[in-house]
Amino acid sequence: MKTLNIFLFLLLSWIGSTSDAQVRFYASGSGTTSTDQNYKVVFTLENGNGSSFKAPSFEGFRVLSGPNQSSSYQWINGKTTQSLSIYYYLQALQEGELVIGPAQITVDNQILKTESIKVSVKKGNSTSNNTANNNTNNSNNTKSNSSSQDWKNQAKDQLFLKVYTDKSKPYVGEQIFLYAKLYQRVNTYGTQITKMPEFNGFWKQEIEVDQDAWQQENIDGVAYQTLIIGKFALFPQREGSFTIEPMEMQSIIMISEPTVRNFMGFQMQTMGYKQEEYNFKSSALKIEVQALPMEGRPISFNGAVGNFELKTTLDKEEVDLGEAINYKAIISGTGNIMAVSEPLIEFPKNLEVYDPQTKESISKRSNYINGSKTYEYLIVPEAPGSFTLPSIEFSYFDLESKSYKTLSSDRYTIRVKGELAKTNKNSGHQDNLETLDEDIRYIYTKNDLSSKEQKFFGSGAYYTLSIVPPLLYSLFFLFLRFKENQGADLVALKNKRASKEAQKRLKLAKKYLDNADQKGFYNEIFDVLNNYVSDKFNLQQAELSKELVIEKFAEKQVSESLALQFEQLIQNAEMALYSPTNSLKMQEDYASTQTCLIAIENELNA
């Protein structure tokens, strides 16, 4: 009975201590760090149920991971403490004094805020950083190091990434699929792609996948939950052996660990959990690209691979002299439509043909890339008569039959009515006759017949024929200079408006940011950066690459740090299109894009 009374007394004391526990919300983090170290900041709520947590802006830092969570429960000397910790891994972007502002949380309809943390940031030093890490490791006991390595070894079999393709030996120009699949049999909290392959040697198009389509797959009798996190349509651009670099990912995983707790004077061992950051990557993937066969290759073949159709249209076959005609050649189908070029057409003489207007439509919604290219010609007859537009030939490599196929279009006959405009030759001759008649009558009265020798030399026709050729040559030269200047003016105009156009698109990106539309936001950021360099350096979108942009920056003497920042922003946008991120990271990328473009513009105009 005495034992029971003691137990009841201790139990009531524990209940009382729990109810009297004070609610606390505070922040903790080191007062110093360097630009090459990871910095951890923790926001802890004790003895309360919180909601509506709001993190600070982390101005001056890059968020590497977070928000992450851990919880604990302790009963020591009659006092009970329960806590929830929300922590972030950060990296300082600059040296100097930085401040991490207050975080806030709501507890029982009351808003609690943490104190600010002042952080002194020093310049990074990889050597000193490694030394510090070594010292820290040396201070840990061997058991701790062994335990850390154990969970990493276990994670290799419980969480991994595979990158594979449906065809490892495609032809040049043949579409293949590349998949990135996540295998998982451990609890995770926040998984994201940290590095995408470059896909050098391939034209790449992302295919949208269902991010919630988890499936179960057995490997050697072990069941895994799997998810396709990336799917790409790839088109090899040249023959040879290519290596797709590993895709890298980062995940927060839940690791179980034994914990000893004191309960009413007894030592009890329970199983707890902690969160660990785990970085992993796929294996590299080799692809052998075969050259297209030379046997049977037609002269009209220009690299198209797939299944295509050719169609031509003529808006009218009977016209008046000088009336314009529209002629269209449309190539459509499935395959590397982006590689299709303008067909070669030999138009008849006496037909003035202007450079075609090209329209491209490529569908990216279905698995296999398909679309069309339309070439629209404006034709103006310069003489009456009947003219035949020849048949167009278009050849492509058919993957099913492994052979070349040639398509031919219809032939068209154009009938042009009218007559060539009459020159002033006859009317001029008549005027000369009338003038000559008067001159003859006048000369006859004066008995002077020598004026016959002057009917061409010194006449209007003589001076006309003397002046017209150099005049036409001058006009032709001026026309060429005009077209050249017009092209230069267009390039200059695009260069001048590049920054303004980028700022316009950034406003649209801001709307996506405000609506928390991650995909729309990063699509706009990606287009902003690509269109800026395209307009600024007069580059075609199809020829844009990281190497070419860095080369152009170097030519224009843009600082290396800005060039690397621009490259990083492109990479961030690409990765965010395939993996989830948070609003703070989106805000950081938005601000970084603005400042980077302004800085580049200032250096280019300096």
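Glutamine 290 touches Lys169, Pro170, Tyr171, Val172 and Glu239, when residues up to four places away in sequence are not counted, a contact being defined by heavy atoms within 4.5 Å. The structure is a predicted model, in which local features need pLDDT of at least 70 and side-chain atom pairs count only at pLDDT 80 or more, whereas totals for chains, interfaces and linings use all residues. Residues are numbered from 1 along each chain as its sequence is written, and side-chain values use heavy atoms, with hydrogens and water left out.

Glutamine 290 is placed in the loop between strand S20 (285–289) and strand S21 (301–314); helices (H or I, at least four residues) and strands (E, at least two) are DSSP runs, numbered from the N terminus. With a relative accessible area of 34%, glutamine 290 is partly exposed, a class that lies between buried (under 20% relative accessible area) and exposed (over 50%), for a 1.4 Å probe and protein chains only. One of its contacts, valine 172, is 118 residues apart from glutamine 290 in sequence, yet the two are 6.1 Å apart in space, C-alpha to C-alpha. The side chain of glutamine 290 also reaches the backbone oxygen of lysine 169 at 2.7 Å; a polar contact is a pair of N or O atoms within 3.5 Å, of which, within protein, one must be able to donate a hydrogen and the other to accept it, and residues adjacent in sequence count only if both atoms are side-chain atoms.

Apart from neighbours within four places in sequence, glutamine 104 is in contact with Phe25, Ser52, Phe53, Lys54, Ile111, Leu112 and Lys113. The C-alpha atoms of glutamine 104 and phenylalanine 53 are separated by 5.9 Å, although the two residues are 51 residues apart along the chain.

Lysine 373, in strand S26 (residues 370–381), is buried, with a relative accessible area of 8%. Polar atoms of its side chain lie 3.3 Å from the backbone oxygen of methionine 338 and 2.7 Å from that of valine 340.

H6 and H8 pack at an angle of about 145 degrees, with their axes 9 Å apart; axes are lines fitted to C-alpha atoms, for helices over the stretch in contact, and angles run from 0 to 180 degrees between N-to-C directions. This contact is made by Gln518, Tyr522, Ile525, Phe526, Leu529, Asn530 and Val533 of H6 and by Phe566, Leu569, Ile570, Asn572, Ala573, Glu574 and Ala576 of H8.

Over the chain, the secondary structure comes to nine helices and 30 strands, and buried residues make up 34% of the 606 residues.
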